[in-house]
Amino acid sequence: MRRLRTAVLGALAALGLVVASAAPAPAAAPITTSVYTADPAALVVGDTLYVYTGRDEAPAGGSGFVMREWHAFSSTDATTWTSHGARLKISDFPWAGADAWASEVEPRNGKYYWYTSINGNGPGWMDIGVAVGDSPLGPFRDAKGGPLISDSTPGSSPLNIDPTVFTDDDGQAYIYWGSYWGVRAAKLKPDMINLDGPVVTPQGVTNFWEAPWMFKRDGTYYLAYAANDSGCSQPNYACIRYATASNPLGPWTERGVVLDQVSSTTNHPAIVEFNGQWYMVYHNAAAPGGGDFRRSVTLDKLYWNADGTMRKVVQTSGPGGGQPPAGTNHALTATASTSYVSPWETLAAVNDGHVPANSADRGHGAYGNWNHQGTEWLEYRWPSAQSVDKVAAYWFDDDQGIDLPASCRVQYWNGGGYVDVPGQSACGVAANTYNVTTFPAISTTRLRLNITSRSGFSTGVLEWMALS
């Protein structure tokens, strides 16, 4: 369960961070694993797809965002990515002090305007700045000498972050932004660095939290955004909802969830058509060593229904724990029980057959027993005896109250009680992988996994397989 501090930070995290790698990466894997990236924005220029991100620099086990620069990546096939490194930094804005959060690049009249979320040195908290360059890769410079939007802007959001800019067919540009349930919008002047009229509060954007992304398709306006209501995600996790309108300022009609929660608590969309295919670009915690503050940008294909609604994006597995061990998984037909499961977690996750991306992957739910400590157990029962010669545990670690276990032990029902499975190999406790325990085959109707926590922590499981 996320603590309040994390919930607050997550709200702020429309930031993006990312570092890039010139090495190829398949679609649905992170576009880079050389640095951690987040809060993507996508832009198509000619035959090239650009993705702009922030860079997560938090250390392993860190409890907050560390972000100081924005990166750019490019691809001509949405599969192989080239890193162009940091193209914009906090230091490029003399009036800024910290927090290179979410951003977006919008072209206009041969120039490229980079709208950013920054913590300014002046009064208030987060501001939105603008940089400008002559190409999609810059170099970029501060275009205004101060914030475009700040706490002093009349009608501004409770938290001025996550700008998305859209230019309509008639040349009028619009900016949407906000967090803390406060979506805001305004027109931009042709110079792209000044507001053109008052800030408005668009109506009909149900359950808005942060991270808006606006675009147009077949005459309809679309607004995707992060929402963290109970109808689409577990507590303190975000999904992506979307709404449609016939006017760029609304009113909007909410259409449903297009991307379920991901393995990071935050979620941030960019939706773009490239080479005739639509894509959802987003971040998760799937890169090795990733987590809520060490995210990674990826993308998956997005498809449309005939009525113009979006089909829910299927998240494909990226690198992390690899494929599960071979064999018949009897867990899929077992009835699971446990000594304790936290009310916000789900026991059903342990035998749903999902392949986790890493130990922070909550895309299909997770079993956790916070705030219990010591030894807890999971149990499988079958109506008839099953032959089992190995189990595989994929541990859940939320970087908070749930950690990797100190130890574990496999037991089986011998007809009168539970006893240790004889000849079992070491019960592994590694993150981001299937920990396989082997033993001479046993025949039983019940199997139990005893899990002992580290001092001060509880334990969790994403998947527990019982194999032959």
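Visitor: Where does Ala78 sit?
Guide: Ala78 is in the loop between strand 3 (69-75) and strand 4 (82-89). Strands here are DSSP runs of E with at least two residues, numbered from the N terminus. This is a predicted model, where local features need pLDDT of at least 70, side-chain atom pairs count only at pLDDT 80 or more, and totals for chains, interfaces and linings use all residues. Residues are numbered from 1 along each chain as its sequence is written, and side-chain values use heavy atoms, with hydrogens and water left out.

Visitor: What's the phi of Ala78?
Guide: Positive, about 60°, although Ala78 is not a glycine. Most residues other than glycine have a negative phi, and most peptide bonds are trans.

Visitor: Is Ala78 buried or exposed?
Guide: Ala78 counts as buried, because its relative accessibility is 1%. Buried means under 20% relative accessible area, exposed over 50%, and partly exposed in between, with a 1.4 Å probe and protein chains only.

Visitor: And what about Asn236?
Guide: Asn236 has a positive phi too, about 70°, and is not a glycine. Its place is the loop between strand 13 (220-227) and strand 14. At 23% relative accessibility, Asn236 counts as partly exposed.

Visitor: Which peptide bond is cis at Pro251?
Guide: The one from Gly250 to Pro251, with omega near 5°. Pro251 is in the loop between strand 14 (239-245) and strand 15 (253-259). Another cis bond joins Trp370 and Asn371, with omega about 10°. Asn371 is in the loop between strand 20 (367-368) and strand 21 (375-395).

Visitor: How many bridges pair strand 1 with strand 2?
Guide: Eight, in the antiparallel sense. In that pairing, Val45 stands opposite Thr48 in strand 2.

Visitor: What does the side chain of Arg55 contact?
Guide: The side chain of Glu69, in a polar contact at 3.2 Å. A polar contact is a pair of N or O atoms within 3.5 Å; within protein, one must be able to donate a hydrogen and the other to accept it, and residues adjacent in sequence count only if both atoms are side-chain atoms.

Visitor: Switching to strand 6, how many of its residues are buried?
Guide: Nine of 10, so strand 6 (residues 111-120) is mostly covered.

Visitor: And what joins strand 6 to strand 5?
Guide: Nine bridges, with the two strands running antiparallel. They form a hairpin with two residues between them, and Asn109 in the turn has a positive phi of about 55°. Trp101 stands opposite Ser117 in strand 6.

Visitor: Which residue in strand 7 is the bridge partner of Ser117?
Guide: Ile128. Strand 6 and strand 7 (residues 126-133) run antiparallel over eight bridges.

Terms used. Helices (H or I, at least four residues) and strands (E, at least two) are DSSP runs, numbered from the N terminus. Two strands pair if DSSP finds at least two bridges between them.
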